[in-house]
Amino acid sequence: MAQDMKKVMDMVLEKYPAKAFKTRKAHIVVKTEEEPQPVITANTRTVPGVITARGCCYAGCRGVVMGPIKDMVHITHGPVGCSFYAWGGRRNKARAEEPGGMNYMEYVFSTDMQESNIVFGGVPKLKEAIKEAYELFHPKAIGIYATCPVGLIGDDINAVAAEATKEYGIPVLSFSCEGYKGVTQSAGHHIANNIVMQEIIGKGNETPKELGINILGEYNIGGDAWEIERVLAKIGYNVISTLSGDASYDKISNAHTANLNLVQCHRSINYIAEMMETKYGIPWIKCNFIGIDGTVETLREMAKFFDVPKLTRRTEEVIAEEVAAAEGEMAYYRTKLQGKTACLYVGGSRAQTYQGLLRSLGVETLVAGYEFAHRDDYEGREVIPTIKIDADSKNIPELTVEPDEQKFRVIISREKAEQMTKEGVKLGYYGGMVKEMNNNTIMIDDMNHHEMETILGQLKPDMFLTGIKEKYVIQKGGVLSRQLHSYDYTGPYAGFRGAVVFARELAAGLYTPAWRYVTPPWKQKSLLEGKVAGGEA
Amino acid sequence: MLDATPKEIVERKALRINPAKTCQPVGAMYAALGVHNCLPHSHGSQGCCSYHRTVLSRHFKEPAMASSSSFTEGASVFGGGANIKTAVKNIFALYDPDIIAVHTTCLSETIGDDLPTYIREMEIPEGKLVIHANTPSYQGSHITGFASMVKGFINYLSLNSGVPNGNFNIIPGFVGPADMREIKRIFKVMGIPYTMLPDTSGVLDAPNTGKYKMYPKGGTKIEEIVDAGNAALTVALGSYASEMGAKELEKKCKVPFITLKTPIGIDATDELLMSLAKQTGKEIPAELEEERGQLVDLMIDSQQYFQGRKAALVGDPDEMIALSQFIIALGMIPQYVVTGTPGSAFAREITAMMQEAGLEGIVKAEKDFFDVHQWIKNENVDLLISNTYGKFIARAEDIPFVRFGFPVMDRYGHNYNPVVGYKGAMFLLEQMCNAMLDKEDRECAEEDLEVVR
């Protein structure tokens, strides 16, 4: 692509009023040969008035992290809307653990607060709602999620939860995830992580299993977790829990028995990985199960971590089998997709992980950005000490955990860890998106509609992979858009088989005959025959 | 599927399960999208705006543009004045709408943000406009939010200049763009000049031309809203979604109004045409009478599949009132009729219709899908009509299912087919009949699989 990305960046910025210009400039960087590790601003307030894709703290807490825990009843304490929008809107597939087991994914619960509850307080209604939920469903646990007005009127949901826990003998957990907290849904991830760490993980009594792992930040969109687990089980791993795709309360409560944590979505769950390392001694590595190359690399890194000859052999056998099964179709779709260009704007992980998969299909990424990432998601964890904590982040509680006297285990010694690091196992490290990107590409944090439209017009990519709010804008402009939050309701996209599904659908989307009909034939060819006086036909 | 729902009915006082309504701002956003060159703006934390745009996009499979004041904790404590002022400046610079329609959220309402004062104090470029509506989510539903935004447009913009324009104003209610097109067609065929507010046709069913336009050519024009104050009459279709705006116009500009049912089904469409004829002295054109005759023909031909069958209906109040009447006209029994939106007129009106037809059923406002499912578990129905979320019940209980109302997020093309007018009734009848016949074909004994029905 011969475009000078700095010029594109200037065009994106030129329409902004002075103050907004200054703010947005810091969120848009170009990676170049001279500047391979540009500094980006992230996790700051959205500019008021822009058409943003970002969501809220409640969405991150109830919607992303906690919602998929299938055997809990999640009660949204607030007016009806917040719960309505969390009802099946996010794809996280789940099935009951055993026949007849509990799975509340088809339900949504709320206190449906009315004006009188806002004026006189919502606590009595919340208490009653918990009672009704308990008596109707007898769930494993109940979660209570605060919405904007609850925080403002000061309903003490923590006290209600503590009282209900005593009364009903099941864990009732409260989440102060009012929508206005923080600057994106990321604040909600953090709040959920804290409570999961404090109240769920470590409560189970199972004993550690051999080759036990947790997959953190995997939400089973389109069945991703099931494809990953299929491969891992084939090799011989024990998946203790997935947080939180197809997750059950019991499985998460035993997460501390794993020997390794895999972190898929770094942004939504790195807090838990960090805290589990301190509290239980479980190391973590950043995994990537999107794309065949990513999956292979992760499997090899896992094998190196466990360092058992039989496992290593089995890993290579499975890789060989799975790659062989996928490579024919992948090669075919590569012939269809080679040379195409893409832009990506997704959540807090997929904008990176899909670049590898696209690259393997011959598709070059020109622009990539995250909705709710922090600087480390772009630049890597080495920048964490230099990230300035602003007022909005200060309002999100930071947990400090200590080693658990009974449950802390030395899984690998310090010497072993050092040796592993030398051998290329990146323990507790994530390099961020920038290292994966080519030179002369753009990273945009919190891309808004105006920026997206300018980029579409200037770069004319063949595809823009993003979410529902952007999808139809892009397609009305004649460019293919696939939703990477929901996979457009297919999937899985993860693992070996998922990569093939993704490639097939991307090609199908690009080559659908409908694109040829966008311009009517009569606009491409004159219907009149004969000569225009004084000119050419 | 919905395995945890017990048959035994327990009265709930506090817990809402699987609601049959959503919140006011999404209705306000939808109404604002029906004004040409208007950008809806959500004044609160940005999650609301994101959710609303998502559900509208999923329903219409179209862009749903709106901006947000993006409150964080600071604005929640100190008020959202600075946010809205900055927002308005940025919106005009970046997105250049002619008008910004602000609606509030729970957050800005609870802290008591004073929008009229903010709007008075802000710098608005010449020729541009900012209006607002109060839409806290702890009151009403998406239907009342829609009504409030229509009222907001009228309150800010409509003027009575003393020169009557001879138009009828139409407030179509929370119906889709295809319905708005169909209502406009009926007025055109009747020869009645009109202004429709809002009008999402052309906006949320815009063609694909390969060129994205932020403001497609559809939508009510601002000058039309201004001039609505000079109209001869306002026709409010649906008392819940439309009467509030009509009343405002009467109060502000002395335009009289009539409230009619949303014209779904034969009776409500008859009522609309007869009212229009009465108001204008015009005859009902042969074209519409022919359509009506076609509908009646279809109703008679297919009657054996409807007669005595029971239906459960869940949806928005105006639509449910008219739909119940159509169900009765088809010889069916509206066994359960539910809306999530509060209001007592709903049950009163439908119950009266049922009594007149000698039928009994449960009709309730402020109920949810969980209630309906429990009733169905106790006494099943032959047909379920509701938004997408009804599909869980339909599958759990093996009930033929017709998607209807808002939101329908799991099917394509519904926003191009009207459900209003005689044409819409024919489309609805076809869907209802086919849904029941599909079940029969799927489940009957092989020797009973009929070639002809």
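The largest cavity holds about 160 Å³ of space. On a 1 Å grid over the protein atoms alone, a cavity is a set of points where a 1.4 Å probe fits but cannot get out, and lining residues have an atom within 4 Å of a point. Grid points are joined across faces, edges and corners, and a volume is the space filled by probe spheres set on the points. This is a predicted model, in which local features need pLDDT of at least 70 and side-chain atom pairs count only at pLDDT 80 or more, while totals for chains, interfaces and linings use all residues. Residues are numbered from 1 along each chain as its sequence is written, chains are lettered from A and ligands numbered from 1 in the order in which they are written, and side-chain values use heavy atoms, with hydrogens and water left out.

**Cavities**

- The whole structure has eight cavities of 30 Å³ or more.
- Lining the largest cavity are 18 residues, and those nearest its centre are Cys82(A), Cys148(A), Gly47(B), Cys48(B) and Tyr51(B).
- At least two lining residues each come from α4 (80-85) and α7 (148-153) of chain A and from α2 (46-60) of chain B; helices (H or I, at least four residues) are DSSP runs, numbered from the N terminus.
- α2(B) gives the most to this lining, with four residues.
- The lining of the largest cavity has eleven nonpolar, seven polar and no charged residues; Ala, Val, Leu, Ile, Met, Phe, Trp, Tyr, Cys and Pro count as nonpolar, Asp, Glu, Lys and Arg as charged, and the others, Gly among them, as polar.
- The second largest cavity holds about 70 Å³.
- It is lined by 13 residues, with Ile51(A), Asn448(A), His449(A), Glu470(A) and Arg53(B) closest to its centre.
- In the lining of the second largest cavity, α20(A) gives the most, with three residues.
- Seven nonpolar, three polar and three charged residues make up the lining of the second largest cavity.

**Second largest pocket**

- About 860 Å³ of space lies in the second largest pocket; a pocket is an open set with protein on both sides within 12 Å along at least five of seven lines.
- Its lining has 35 residues, and the closest to the centre are Arg267(A), His374(A), Ile387(A), Ile389(A) and Glu398(A).
- α12(A) supplies the largest share of this lining, five residues.
- By class, the pocket lining has twelve nonpolar, 13 polar and ten charged residues.

**Packed helices**

- Helix α12 (residues 286-301) and helix α18 (residues 421-443), both of chain B, pack at about 20 degrees with their axes 9 Å apart; axes are lines fitted to C-alpha atoms, for helices over the stretch in contact, and angles run from 0 to 180 degrees between N-to-C directions.
- α12(B) is therefore roughly parallel to α18(B), as angles under 35 degrees count as roughly parallel, over 145 as roughly antiparallel, 65 to 115 as roughly perpendicular and the rest as oblique.
- The residues of the contact of α12(B) with α18(B) are eight nonpolar, one polar and three charged; contact means heavy atoms within 4.5 Å.
- In chain A, the axes of helix α10 (residues 224-235) and helix α21 (residues 495-511) come within 7 Å and cross at roughly 140 degrees.
- α10(A) and α21(A) are therefore oblique to each other.
- Glu227(A), Arg230(A) and Val231(A) of α10(A) make this contact with Gly495(A), Phe496(A), Arg497(A) and Gly498(A) of α21(A).
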